[in-house]
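Try each task before you read its solution.

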Amino acid sequence: MSKKQMGKRFLQILIVLMGISFFTFGLTYLSPGDPAEIMLSECGNLPTPELLEQTRAELGLDKPFLVQYTTWLKGVLTGDMGTSYSFKVPVVQKLSSCFWPTLKLAWMSLLIMVVISIPLGILSAVYQNQWPDYLVRAVTFLGVSVPSFWIGLILLSIFGVTLRWVSVSGGSTDMKSLILPAVTLAIAMSAKYTRQVRIAVLDELRQDYVTGARMRGAKEGTILWKHVLPNAMLPLVTLLGLSLGSLLGGTAVVEIIYNWPGMGSMAVKAISCRDYPLVQGYVLWIAILYMVINLLVDLSYNFLDPRLKEER
């Protein structure tokens, strides 16, 4: 990617982030409920009219919308997203503390998913329309059909209630507590990615260069691992990047089931408590993560396929 393309990409990212920030702030501004009253109620204070007026003035809620947005945006640019109403800590601090458990969960889920889906997808493609292919397709169909929250409840019932290998209450971020939520997320993703790997490998196996390699006497294993698989993985990089962004955004249902202190469970509590500063910061945080991940995915294409670099 050239410097000019990088400049255009960063300009696009800036415009998108500005639009998202304005849209999010506008929705929270128009949403029902008084943030000052919610904040006082969370603190256990009686929201009298005088106290409400004073709190609104302290929070800047008595000012016009554009003034509030401009003030908030200036704070964001300096690293200040305000203070959470429900957690009573700076929004940046709360987002940072919840981000690392979610990042840990996301990487473990992706690792398990890759270990499962790539071998099964290759196996299904190599033995197309044979019993291994039918078996893999049946399993993936079942995996796509079953919701992740049901898988989480079943795993928690087996390993938490029956076998008592893990704590049902959760709340911890150690490796023992990480396995079940990561497996729950990986099962749902593996079913989808196994199909994608199968389709990508089948497309490559039908290419002319594979036929030519076979006619030259190349071994099937050499063709598969040195030629077919690297080319088949290229379209999957985008899907992996989007999945990582989705996981970093927080998988609320799974995190709530296992009481995992990540971004998803935090966002649900912030929305239920109408914690507007935290919701605004969360949405902007996720938008930035998606933009950065997509940029990294685009940059990785040059390394995965040198032909794209030559075309540019």
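**Exercise 1. Find the salt bridges and sort out their partners.**

*Solution.* Start with the pair Asp133 and Arg137, whose side chains form a salt bridge with N and O 3.2 Å apart; the term asks for a side-chain nitrogen of Lys or Arg within 4 Å of a carboxyl oxygen of Asp or Glu. This is a predicted model, where local features need pLDDT of at least 70 and side-chain atom pairs count only at pLDDT 80 or more, while totals for chains, interfaces and linings use all residues. Residues are numbered from 1 along each chain as its sequence is written, and side-chain values use heavy atoms, with hydrogens and water left out.

Step 1: Asp133 and Arg137 are about one helical turn from each other because they sit 4 residues apart in helix α6 (residues 131–145). Helices here are DSSP runs of H or I with at least four residues, strands are runs of E with at least two, and numbering starts from the N terminus.

Step 2: check exposure. Buried means under 20% relative accessible area, exposed over 50%, and partly exposed in between, with a 1.4 Å probe and protein chains only. Asp133 has 0% relative accessibility, so Asp133 is buried. Arg137, at 37%, is partly exposed.

Step 3: look for a further partner. Asp133 also forms a salt bridge with Arg198, where the closest N and O atoms are 2.9 Å apart. This pair links distant parts of the chain, since Asp133 belongs to helix α6 and Arg198 to helix α8 (residues 175–205), 65 residues apart. Arg198 is buried too, at 14% relative accessible area.

Step 4: Arg206 and Asp203 meet in a salt bridge at 3.4 Å, N to O. Arg206 is exposed at 54% relative accessibility, and Asp203 is partly exposed at 37%.

Step 5: Asp133, Arg137 and Arg198 form one network of salt bridges. The total is 3 salt bridges.

As background, side chains of opposite charge can pair when their charged atoms come close.

**Exercise 2. Describe how α5 packs against α6.**

*Solution.* Step 1: take the geometry. The axes of helix α5 (residues 91–126) and α6 come within 7 Å and cross at roughly 135°. Axes are lines fitted to C-alpha atoms, for helices over the stretch in contact, and angles run from 0 to 180 degrees between N-to-C directions.

Step 1: classify the angle. α5 is therefore oblique to α6, given that angles under 35 degrees count as roughly parallel, over 145 as roughly antiparallel, 65 to 115 as roughly perpendicular and the rest as oblique.

Step 2: list the contact, meaning heavy atoms within 4.5 Å. Leu120, Leu123 and Ser124 of α5 meet Pro132, Asp133, Val136 and Arg137 of α6.

Step 3: sort by class. The contact of α5 with α6 has 4 nonpolar, 1 polar and 2 charged residues. Here Ala, Val, Leu, Ile, Met, Phe, Trp, Tyr, Cys and Pro count as nonpolar, Asp, Glu, Lys and Arg as charged, and the others, Gly among them, as polar.

**Exercise 3. Do the analysis again for α9 and α10.**

*Solution.* Step 1: helix α9 (residues 208–215) and helix α10 (residues 220–248) pack at about 160°, with axes 11 Å apart. That angle makes α9 roughly antiparallel to α10.

Step 1: on the α9 side, the residues are Tyr209, Val210, Ala213 and Arg214, and they meet Glu220, Ile223, His227, Val228 and Asn231 in α10. By class, the contact of α9 with α10 divides into 5 nonpolar, 2 polar and 2 charged residues.

**Exercise 4. Is Lys94 buried or exposed, and which residues does Lys94 contact beyond its sequence neighbours?**

*Solution.* Lys94 lies in helix α5. At 16% relative accessible area, Lys94 is buried. Leaving aside neighbours within four places in sequence, Lys94 is in contact with Phe87, Val89, Met266 and Leu278.
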